[in-house]
Amino acid sequence: MVEIGELSDPGILLTNTTISSSREEDGSSSNSNQLGSSSSSSSSAGGSRNSSPLSRSGSRNTSPLGRTGSRNSSPSKQKVIKTKPRGLDEEETLVTFSKVVHPDVPMEDNIWAMLPEDLLNEILARVPPFMIFRLRSVCKRWNSILQDSSFLKFHSQVPSHGPCLLTFWKNSQTPQCSVFSLPLKTWYRIPFTFLPSWAFWLVGSSGGLVCFSGLDGLSFRTLVCNPLTQAWRILPSMHYNQQRQLIMVVDRKDRSFKVIATSDIYGDKSLPTEVYDSKLNSWSVHQMMPAVNLCSSKMAFCDSRLYLETLSPLGLMMYRVDTGYWEHIPAKFPRSLLDGYLVAGAQKRLFLVGRIGLYSTLQSMRIWELDHTKIQWVEISRMPPKYFRALLRLSAERFECFGQDNLICFTSWNQGKGLLYDVDKKVWSWIAGCALQSYNSQVCFYEPRFDASIY
């Protein structure tokens, strides 16, 4: 777990940063590397190869799901080892390589201090965002660069760090947040004490921003924040100020975001749909959702459309953001579906995830994709029985499911487990360290970005 120090000012790191990581070797033994505090790292940067702030980000395979990987070395030096990593039943092939040892090269301060500003920005923009917190305490120059508009411009042009899982909960009324980086396979603790006390419902995340809602006295409030910069703001009140089902979407090209409010949490159909536009800083009132019987309050936003499951009439309700109108889609659900979650995928793909079967011994988890032409669900995958049994020991046990970019995550916090499925690669993998989180955690996918603006 990496502890990221709490910031009273966005530009100052008050506490030391410690990074610890463990890696399984041959499925049985483990070792850990402990990096010193930020202050000690900066003082020893000239004499130790491992103290370079960029050395950790490029030394291993960072594929989000790859339990197997190869390092940059000659293929002739590889050695194939059969092993059983902890948590997996089947054998996997791991590839290891011999390492070429290079002597340490001293870094001359007078030379590196003259590194051109644009080149430094180019380098720092490619550092994993969570490492930036450690670099901010190296010196005043780096601290100011990481808040500079030119750095943010470079940062916005580099590829995304990759998907992360953000978990949020309150411990003794104190907000707690941990982020699991899928590329780095590491948990990071981010201080969330900057949030007001009423912000305790995690609405979701999009484009580097996170949305929360809650009751401030008798008023229903909504706020949007950037966890990395700790910038946040409260949105103005809605026209019909009641507890509502919300979803947030970010347009990175337009540098704006929208928050869509449907019916309230008690299923009151008399409330019109409202949409907040960050450019206008106001809510606009749209068509009221037609009278339907919703399966659940879970929503999915896909291809500028909002989808909800309905029992009566059977199928989906679709809200078009561009027109502001609702439309019914008669897509019948698979037979014997016990519970279903709508999950938005990439490139206009919409998935349905749920359990099938009437008896616990015959239950299974399946994934369907909506055929927009034929308006029907087509099965594309099934969860292997061993994963299903490990994730849900009891047939009635509650689970959560959400997705992003053709990645689908299953969580069962009572069991302390998280399971990830890559739709494109058709690969299932466990998420390490979920047992460290609280059982009442709220979870969503999260993309860390410094350039995500709340305005």
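Trainee: Where does Leu-223 sit?
Mentor: Leu-223 lies in strand S11, residues 219-226. Keep in mind that this is a predicted model.

Trainee: Is Leu-223 buried or exposed?
Mentor: Buried. Its relative accessible area is 0%, and the cut-off for buried is under 20%.

Trainee: And what does Leu-223 touch?
Mentor: Leaving out residues up to four places away in sequence, its contacts include Trp-198, Val-210, Phe-212, Trp-232 and Ile-234. Leu-195 is also one of them.

Trainee: How far apart are Leu-223 and Leu-195?
Mentor: In sequence, 28 residues. In space, 9.1 Å from C-alpha to C-alpha.

Trainee: New topic. How many aromatic pairs are there?
Mentor: The count comes to 17. Take Phe-151 and Phe-450: the ring centres are 6.2 Å apart and the planes are at 65 degrees.

Trainee: Why is the Phe-151 and Phe-450 pair edge-to-face?
Mentor: Because the planes are at 65 degrees, and over 60 counts as edge-to-face.

Trainee: Which parts of the chain does that pair link?
Mentor: Distant ones. Phe-151 is in helix H6, residues 149-157, while Phe-450 is in the segment after strand S29 (442-446). They are 299 residues apart.

Trainee: What about Tyr-387 and Trp-428?
Mentor: That pair is stacked, because its planes are at 20 degrees and the cut-off is under 30. The ring centres are 6.4 Å apart. Tyr-387 is in helix H7 (residues 385-391) and Trp-428 in strand S28 (residues 427-430), 41 residues apart.

Trainee: Buried or exposed, Tyr-387 and Trp-428?
Mentor: Buried. Tyr-387 has a relative accessible area of 6%, and Trp-428 has 12% relative accessibility. Ring pairs also link Tyr-387 and Trp-428 into a cluster with Phe-410, Tyr-421 and Trp-430.

Trainee: Switching to confidence. What is the mean pLDDT of the chain?
Mentor: It is 76, and 71% of the residues reach 70 or more.

Trainee: Where is confidence lowest, and where is it highest?
Mentor: Lowest in strand S5, residues 92-96, at a mean of 36. Highest in strand S24, residues 376-382, at 96.

Trainee: Over which residues does pLDDT stay under 50?
Mentor: Residues 5-99. The model has 164 contacts beyond four places in sequence for that part. Where pLDDT is low, the predicted coordinates should not be read in detail.

Terms used: Residues are numbered from 1 along each chain as its sequence is written. This is a predicted model: local features need pLDDT of at least 70, side-chain atom pairs count only at pLDDT 80 or more; totals for chains, interfaces and linings use all residues. Side-chain values use heavy atoms; hydrogens and water are left out. pLDDT is the predictor's confidence in each residue, from 0 to 100. Helices (H or I, at least four residues) and strands (E, at least two) are DSSP runs, numbered from the N terminus. Contact means heavy atoms within 4.5 Å. Rings of Phe, Tyr and Trp (its six-membered ring) pair if their centres lie within 6.5 Å; planes under 30 degrees apart count as stacked, over 60 as edge-to-face and the rest as tilted. Buried means under 20% relative accessible area, exposed over 50%, partly exposed in between (1.4 Å probe, protein chains only).
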